[in-house]
Protein chains: 4
Amino acid sequence: MVMNSTPGDGVEIYGDVEVSLVQGVGNDMSVITAARVSTMGERSRVGHGESGAKGLINFLMRERHGSPFEHNSMTFFIKAPIFVFREFHRHRVGWSYNEESGRYTTLAPEFYIPSEGRPLQQVGKAGAYSYVAGTPEQDRVVWDELHATYVQAWQSYQRMLAAGVAREVARLSLPVGVLSSMYATCNARSLMHFLSLRTRDERALVKSGPQWEIELVARKMEAEWAKAMPLTYEAFNNNGRVAP
Amino acid sequence: MVMNSTPGDGVEIYGDVEVSLVQGVGNDMSVITAARVSTMGERSRVGHGESGAKGLINFLMRERHGSPFEHNSMTFFIKAPIFVFREFHRHRVGWSYNEESGRYTTLAPEFYIPSEGRPLQQVGKAGAYSYVAGTPEQDRVVWDELHATYVQAWQSYQRMLAAGVAREVARLSLPVGVLSSMYATCNARSLMHFLSLRTRDERALVKSGPQWEIELVARKMEAEWAKAMPLTYEAFNNNGRVAP
Amino acid sequence: MVMNSTPGDGVEIYGDVEVSLVQGVGNDMSVITAARVSTMGERSRVGHGESGAKGLINFLMRERHGSPFEHNSMTFFIKAPIFVFREFHRHRVGWSYNEESGRYTTLAPEFYIPSEGRPLQQVGKAGAYSYVAGTPEQDRVVWDELHATYVQAWQSYQRMLAAGVAREVARLSLPVGVLSSMYATCNARSLMHFLSLRTRDERALVKSGPQWEIELVARKMEAEWAKAMPLTYEAFNNNGRVAP
Amino acid sequence: MVMNSTPGDGVEIYGDVEVSLVQGVGNDMSVITAARVSTMGERSRVGHGESGAKGLINFLMRERHGSPFEHNSMTFFIKAPIFVFREFHRHRVGWSYNEESGRYTTLAPEFYIPSEGRPLQQVGKAGAYSYVAGTPEQDRVVWDELHATYVQAWQSYQRMLAAGVAREVARLSLPVGVLSSMYATCNARSLMHFLSLRTRDERALVKSGPQWEIELVARKMEAEWAKAMPLTYEAFNNNGRVAP
């Protein structure tokens, strides 16, 4: 992760998120095998090789036969700001989460400030927003304001803890830009649904306007998944990036 | 809601949450009718009156026949701090949410500070925490620190917005004690599961240690549900407050 | 329901399914209100009238903002053959079921045979099947064979019961054409997903090839829903009958 | 599988079900790691060895902290009668299914008849049924009636197919005792919920009365899971076989 520490004030500033694939099972052939049980029953268990795999996966994706894409599993470790996890946890189906708890642990002094390149201005009207680069002045304001708020919030948090206040109360001061960690488990189908909403992509049939930071997470997850299930990934892109 | 405004600094302080039942359908008899379709099929549609309703509902609860408790719906409007909604949204099954978005709207300067009576000290060891009243000094520290952080965070937010920074970026400064609003829809079964985890109750077979503030929300929801489905509510309490 | 009893052999033949709306809550305005909480927070609770409702619902449908369509509930009573319920129960999310149990009740001698007009021949190749009218000979074979099997199965079932065999064992003889009853509860979003897969419609962006009989059920549910939420229904049709 | 073919009549009779573990990922240590992220955040990724694993898993189970048990996956191939799959598919959460389709494939002439040892008589009253051994006469009636019905149904199915009737129509004659195949994917938490309802066990805090045949499936799944996650399995049994 990009980290820009600021010695002396006690907080560490990050400009990126972190994603790693912890464990996984299943691949393109799991999709094929699960789909074949529908048409071949018990005989589906006999190996059929990869011939026709690409075409069948593309057919399933195009026709929105979603269930064969569920017989696999990926567990990710994700480190990102709380406002990203707030959006993430709205994905209910096919997702399992365990996130760091501010009740049971003292959070670390790690906060997120957008890096260079992250558009800072919202333009357009409600329902059709887009984002463009900030001015140098805006870059400076964002850094200064967020940094000052993070330092104040962190010191407040520390003072409350030092006074013997419960962690679950002291944490109320922490801004949604503070970093947290979680394990998230999904399958290819639930991941595709997530990606369809949380990435901005030319190939998408239905355009989405995710916040920059959750797309950072989404793209790193997408890269891992693409390696694990290349034929499924290709079919997803070739069919408008709509979850089947 | 309790509100303690502090004229002059631009922020409003709340010491409570708000819950109201927006709409609902189904009642104790819906549970009965749905259960009877299992044993009577089409004949279940003929009215049977309320005789035996209490006993049947108690039987279903005790034996954990959960599905008859799903054929009803309650929609709540809830106003509470973000840290409460963070816990709330971990309930995935049988719940629907729409929450105020800091991307599409400028949040209001409304923040939560614990009221008198809210225990401020965590005692005991990991896995078995309990909470006791704070000292007057702790009361003061919590108010002072949270209030100062809220004012700083709000002014930072305002300055970033004034500089033309996108709402979705400016909001990073806002602490998890800021208030938000949402609609939440559930059914009696998913609500019971929520209540079993988010209330602390003598009658509970499995003890739970929810954070004070989400229990404030849970208890207000429970009160509305108790009026709508009194027999189900009674059976829930009489059978250890475990979701069937 | 169409019923063609055949006096003397003990079984009753049905050529249709039955659907009725038992209870419901929520309407087009519930969609609006839930959507507005995202952009207006607490102020969403102030009434806004219906002006703009149609446009907003169409926008939500087109952009696949699905969650506002979940704050409503419909409970249906459905009487249909077991092979229809087998397909129905594959819909997991946003659905609640209670079905007549062959373990707890003795099933009624009611069976389904396709009515005139139901296509009996499958043509085309795997993945692109369509169905065309049967020949008079096929009509006759289907009636004769199904009727004979139903009579045999029913009499077998009765003989096993008469011999003191448990209902859960005796029922093994009953064919998937036997009728059953259930309560099914859903919301507009889960219903739209069901309809997108279980109807064959010119307006659908993604074509589906459901079995005739589950489409009979789906169309009757659709008719009830169209009355309850006309603007949402119109937007569903105008946007390719894809669940948002 | 036990198979008792009956040469000459075209049908094959099975007296058992078949379950095999196709693939899996995750183990007891995945539970530990996911739980530790709640209390240790990023530091949870550093290995901690197995010391304390047993105690922590037992604690999570007893206190009903369920989410750490979701970061794993098991895919099973299951061959069983349709009436078993009917019950199976009522499990909606944390389960993925692909089953052989009678619309896309011609089913095989394989049917289930209870083996010796399967209790055939239901005793007791509604809500508290139990099952005891059948008399020799009942054994004979069950075999004779089911076998005769299966032969008749199968021959009817064959005659309709031979007449050019679509498979999806011809299959209406097939009884729920016909065998089918499916892939089912779950995680330890959803499997525990399944086992709590679909096994009859001395150690269960909440008694359940599953049908014999789905317990045959459940017990075979349980045996595979016990090998993959022995500490979790032990904690499940030691805490009343209730899903956390």
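Me: What separates D:Glu137 and D:Arg140 in helix 4 of chain D?

Reply: The model is predicted, so local features need pLDDT of at least 70 and side-chain atom pairs pLDDT 80 or more, while totals for chains, interfaces and linings use all residues. Residues are numbered from 1 along each chain as written, chains are lettered from A and ligands numbered from 1 in written order, and side-chain values use heavy atoms, without hydrogens and water. Helices (H or I, at least four residues) and strands (E, at least two) are DSSP runs numbered from the N terminus. D:Glu137 and D:Arg140 are three residues apart in helix 4 (residues 136–162), hence separated by about one helical turn. They form a salt bridge with the closest N and O atoms 3.0 Å apart (Lys or Arg side-chain nitrogen within 4 Å of an Asp or Glu carboxyl oxygen).

Me: Which parts of chain B does the salt bridge of B:Glu70 and B:Arg189 tie together?

Reply: This bridge has an N to O distance of 2.6 Å. B:Glu70 lies in the loop between helix 2 (53–62) and strand 4 (73–81), and B:Arg189 in helix 6 (residues 188–198), so the pair ties together parts 119 residues apart in sequence. Both residues are buried (under 20% relative accessible area; exposed is over 50%, partly exposed in between; 1.4 Å probe, protein chains only).

Me: What rotation superposes chain C on chain D?

Reply: Two copies of a chain are related by a rotation about an axis and a shift along it. Here the rotation is 180° with 0.0 Å of shift (RMSD 0.0 Å), fitted by least squares on C-alpha atoms of residues with pLDDT of at least 70 in both copies. That is the relation of a two-fold axis. Of the chain C residues, C:Pro175 comes closest to the axis, its C-alpha at 1.7 Å.
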